[in-house]
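Hi there,

Here is the structure I promised to pass on.

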Amino acid sequence: MKTTVDSLEGNRLGLFIDGQYTAPGSGRYVESFDPATGQAWYQFAEADDGDVDRAVRSARQAFHSPAWRRMTQTDRGKLVRRLAELVLENAERLALLETRDNGKLLREMRAQMRALPDSYTYFAGMADKLQGDTIPVNKLDQLNFNIREPLGVIGMITPWNSPLMLLTGTLAPCLAIGNTVVIKPSEHATASTLALAELIMLAGFPAGVVNVVSGGGAVTGEALTRHPGIDKYVFTGSTDTGRRIAGNAANNLAPCQMELGGKSPHVVFADVDIEKAVNGVVSGVFAAAGQTCVAGSRCFVEASIYQRFVEALVARTQRITVGHPMEEGTDIGPLALQAQLQKLQHYVALGASQGARVAVGGRRPSGADLAQGWYFEPTVLADASNDMTFMRDELFGPVVGVVPFSSEEEMISMANDTAYGLASGVWTQNIDRAMRFASRIDAGTVWINTYRSAAYMSANGGFKDSGYGRRGGFDVMREFSRAKNIVIDYSGAMQDPFVIRLR
């Protein structure tokens, strides 16, 4: 199956099961829309219960097949490394697919795709380094040790905002360990995952190791999360959906790893370089049009610099260019979904009615060239309070609320007054204050004088309603493997089980 942008236009994409593209059993296809134009540009298959069952059975068969199960760890690492090479060779094609699917900037997607191979290479190197340990026991002539082995079949449900980047963080270690996977990409961004499946086959992975079932959450997602053949689930998305998935998985006693919503705080103290802090806040909430789970959408500023900071933030925001995502001069492209556009319009209006001041933005941009797409201006809601609705709910768009604070205690109280705990940022030249903040904030990641600085070498994840489990670094290798205890008696004699001997 060809997966270039040109061949996708107006075409249908099938499911990827057992190493080949196949039509859905129901014959049902769903349209995918280009956010920059609001127009449909291809159709993807909607997998039903039967299709999902075929995919899971294929993954289970592959997991037990000698071609995969008896492959050495080093050879699995070589396959993952070959996949890294193919992703780099196809970076431009993958970037174009994601830009057309979710509206993110082409230059951002190019950089992201060129960086992905490093992550695959990193975990390829981990394949033969997942070690067990020996355990001293109070018995003579016995060897007691643990080994690490793959879990089995992993069900992955990925989001639309950065499909391949967020998939890579769990797919690469899963393959390096020896698991097999069934992926359900978001129904709003399917093409790049199906294109990656083609590269996986070209890399030489056995058929069935990776399967892709596309479709919506109500049909395909439900079928996957209720299937008894999944050993663990990975989900990135909203907290409400995460709860439904965890409930379905619990019926089969399948564990989950969840990266869910966020409402992350930026905290700006008076001792900062205001221009640097403003650029950090802009990067943290307006990059990717705010469509990132770690977006720093609550900004708390020390009262003594509050007015100057808001003025500088507004001035910087006014210089942001909203435009077509494939144009080099564009800073912010469209929102990925029409529903997201409507959601932002509602929340901004609600924020204004509750007393926040729309200091800049808050509307769809003018201009005939943007009229058909799902564009929204970067928006600053000043003079906000932490109890306003838009400050409580995750918006997933380019909207930031700014709140003054007077003391460190007040700031910590407000920053932690949220259901979420994914990320946070603090801007200060006082290292003591920065470390106090880092130790007291309820967030899985703390950035100090920077924001959105992520690395696949370090473990990350959320607290509270932002999910559980860790991705990145060596921690993720343990997330997708299990310990097995083995005991060997080398005394050469078996003691009578009914004779008790005291030492």
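How much area is buried between domain 1 and domain 2, and what share of it do carbon and sulfur atoms give? About 2100 Å² is buried there, with 60% coming from carbon and sulfur atoms; buried area here is the accessible area (1.4 Å probe) that two parts lose on being put together, summed over both. Arg107, Trp160 and Ser466 account for 26% of what domain 1 buries against domain 2, more than any other three residues.

Before the rest, a word on conventions. This is a predicted model, in which local features need pLDDT of at least 70 and side-chain atom pairs count only at pLDDT 80 or more, while totals for chains, interfaces and linings use all residues. Residues are numbered from 1 along each chain as its sequence is written, and side-chain values use heavy atoms, leaving out hydrogens and water.

The domains themselves are 5-260 + 466-485 for domain 1 and 265-448 for domain 2, with bounds from an automatic or database domain assignment. Their centres, taken over C-alpha atoms, are 31 Å apart. Across the boundary, 23 residues of domain 1 are in contact with 27 residues of domain 2 (contact means heavy atoms within 4.5 Å).

Helices α5 (91-102) and α6 (106-126) each bring at least two residues to the side of domain 1 that touches domain 2; helices are DSSP runs (H or I, at least four residues), as are strands (E, at least two), numbered from the N terminus.

Two single residues are worth a click. Thr99 is found in helix α5 and counts as buried because its relative accessibility is 2%, buried being under 20% relative accessible area, exposed over 50% and partly exposed in between (1.4 Å probe, protein chains only). Leaving aside residues up to four places away in sequence, Thr99 touches Lys104, Leu105, Leu106, Met109, Pro325 and Met326.

Phe498, in the segment after β23 (481-489), counts as exposed because its relative accessibility is 76%. Phe498 and Pro334 are 164 residues apart in sequence and 75 Å apart in space, C-alpha to C-alpha.

Best wishes
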